[in-house]
Amino acid sequence: MPDFVIPCLLGLEKLVGDEVKKLGLADVRVENGRVLCHGAAADIARLNVNLRCGARVLLVLGTFRATEFEALFQGVKGIAWEDWIGRDDAFPVAGYSINSTLHSVPACQSIVKKAVCDRLGGKYGLQTLPETGARKQIRFSIMKDEVTIGLDASGEGLYKRGYRAVGVQAPLRETLAAAMVLLTKYRGLDPLCDPFCGSGTIAIEAALIAKNRAPGLNRSFAAQSWTQLDRRIWLDAADEAMDKEFHGEYEIWGGDLDPAAVEIARHNAILAEVDDTVRFAVADATRFHWGGQYGRVVTNPPYGERLMERREAEALYRAFGRAMEKLPETWRVAVLSSHTEFERSFGRAAVKKRKLYNGMIKCDLFFYGKQ
Ligand SMILES: C[S@@+](CC[C@H](N)C(=O)[O-])C[C@H]1O[C@@H](n2cnc3c(N)ncnc32)[C@H](O)[C@@H]1O
């Protein structure tokens, strides 16, 4: 039974753990920045196709302790790489080290590479491996001297759903947008609005969640070329996911002041096949209003670091805060911002906060209204 590691953005670990448990995997363990679990070969496809918040899926090939380069070398060389990497395959190595004796990542990277070359060179009877064939990305992590060696089953990060053909400035990672929507406990019942929608990521992820559509149905994964896996696992995973889709009516809206962003959002919604569910419009968030007793606002306004100056951002938060105050108290509002004075500018203290990372930027998701 293979083990898997699913790295994720800091702050999303519990959500990823819940997703993995929902898929029925065993021994799910949530750690800082990653989730570990145990499953069958078919789960390589199921995890890749279904995970909304995980960054990638790694098949674990070895775990051992190493405080010296020799131990790292021998631990890696002891893995049966020939079972996974063919004679001509390319095998780049990437990784990280946290709180460990072996802290130099470039040095560890070259030791891992050397050990794999040594093993495969011996098995294939070659001094130099050509590395002209399929790409098999090796990823290592060293945490408190515990080494985990994995093969990347995803290829491009899972945040790349395949629907964001063209971007706008400062787009949100799809995995983070999905997490924001899930954290508001959205299930597709109430209207969901993003008044600072940019390229539409939050609204599109909300539509995928409302429809219970697996986010990975429109893309391919590195492990699809692994000859060790039965090809049927990918078809089965897609069938299983499609059987679980809902076909209801949903009210999801995104607005942005910038007509070019709205055009891009509409285009992305078409690529994501949710253009029947999401509506986008050119609109000013500071004038946002909506009829109806229940609803959600989930949004990511400019931070004042990347898109506009801090003072401008504060004035915008103030005006947006006034618009939000006019909504019935039954509405749930969740705003992602890295601005340290967000609550003061917005005009109210949040009822709840959740620390999240937008790439390297530390943010809070500020919750308002009935939670
Ligand atoms: C941080 S970006 C949102 C990115 C978006 N979440 C995405 O994934 O692409 C903020 C957006 O707010 C828009 N914006 C700025 N002021 C606005 C206003 N008063 N009303 C509506 N949109 C505004 C900008 O045009 C920009 O697209």
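Aspartate 152 is buried in this predicted model, with a relative accessible area of 2%, which falls under the 20% limit for that class. Its place is in strand 7, which spans residues 146-152. One is arginine 139, whose side chain is joined to that of aspartate 152 by a polar contact of 2.8 Å. The other is the backbone nitrogen of serine 154, which the side chain of aspartate 152 reaches at 2.8 Å. Leaving aside residues up to four places away in sequence, aspartate 152 touches Arg56, Val57, Leu58, Gln137, Arg139, Ala222 and Trp226.

Serine 141 counts as buried because its relative accessibility is 6%. Its side chain and that of arginine 34 are joined by a polar contact of 3.0 Å.

Along the chain, glutamate 329 and lysine 370 are 41 residues apart, while in space their C-alpha atoms are 6.7 Å apart.

Attention now turns to the helices, starting with helix 6. Helix 6 runs over residues 201-210 and is mostly covered, with 10 of its 10 residues buried. These buried residues are Thr201, Ile202, Ala203, Ile204, Glu205, Ala206, Ala207, Leu208, Ile209 and Ala210. What do the buried residues of helix 6 pack against? Their partners are helix 5 (174-183) and helix 8 (259-271), along with strand 8 (192-194), strand 9 (252-256), strand 10 (278-282) and strand 11 (296-299). After helix 6 comes asparagine 212, which has a positive phi, near 55°.

Two helix pairs can be described in more detail. In one of them, helix 2 (residues 42-50) packs with helix 7 (residues 232-243) at an angle of about 45°, and their axes are 8 Å apart. The two helices are therefore oblique to each other, and the crossing of helix 2 and helix 7 is right-handed. On the helix 2 side, the meeting residues are Ala42, Ile44, Ala45, Arg46, Asn48, Val49 and Asn50, and on the helix 7 side they are Ile233, Trp234, Ala237, Glu240 and Ala241. By type, the residues of this contact divide into 8 nonpolar, 2 polar and 2 charged.

The other pair is helix 3 (residues 69-77) and helix 4 (residues 105-124), whose axes cross at roughly 40° and come within 8 Å. Helix 3 and helix 4 are therefore oblique to each other, with a right-handed crossing. Helix 3 contributes Phe69, Leu72, Phe73, Val76 and Lys77 to the contact, and helix 4 contributes Ala107, Cys108, Ile111, Val112, Lys114, Ala115, Val116, Asp118 and Arg119. The residues of the contact between helix 3 and helix 4 comprise 10 nonpolar, no polar and 4 charged.

Methods
Residues numbered from 1 in each chain as written. Predicted model: local features only at pLDDT ≥ 70, side-chain atom pairs only at ≥ 80, totals over all residues. Heavy atoms only, no water. Axes fitted to C-alpha atoms, helices over the stretch in contact; angles between N-to-C directions. Helix = DSSP H or I, 4+ residues; strand = E, 2+ residues; numbered from the N terminus. Parallel < 35°, antiparallel > 145°, perpendicular 65-115°, else oblique. Left-handed = near helix turned anticlockwise from the far one by under 90°. Contact = heavy atoms within 4.5 Å. Nonpolar A, V, L, I, M, F, W, Y, C, P; charged D, E, K, R; others polar. Buried < 20%, exposed > 50% of the residue type's maximum accessible area, 1.4 Å probe, protein only. Polar contact = N/O pair within 3.5 Å; in protein donor to acceptor, adjacent residues only side chain to side chain.
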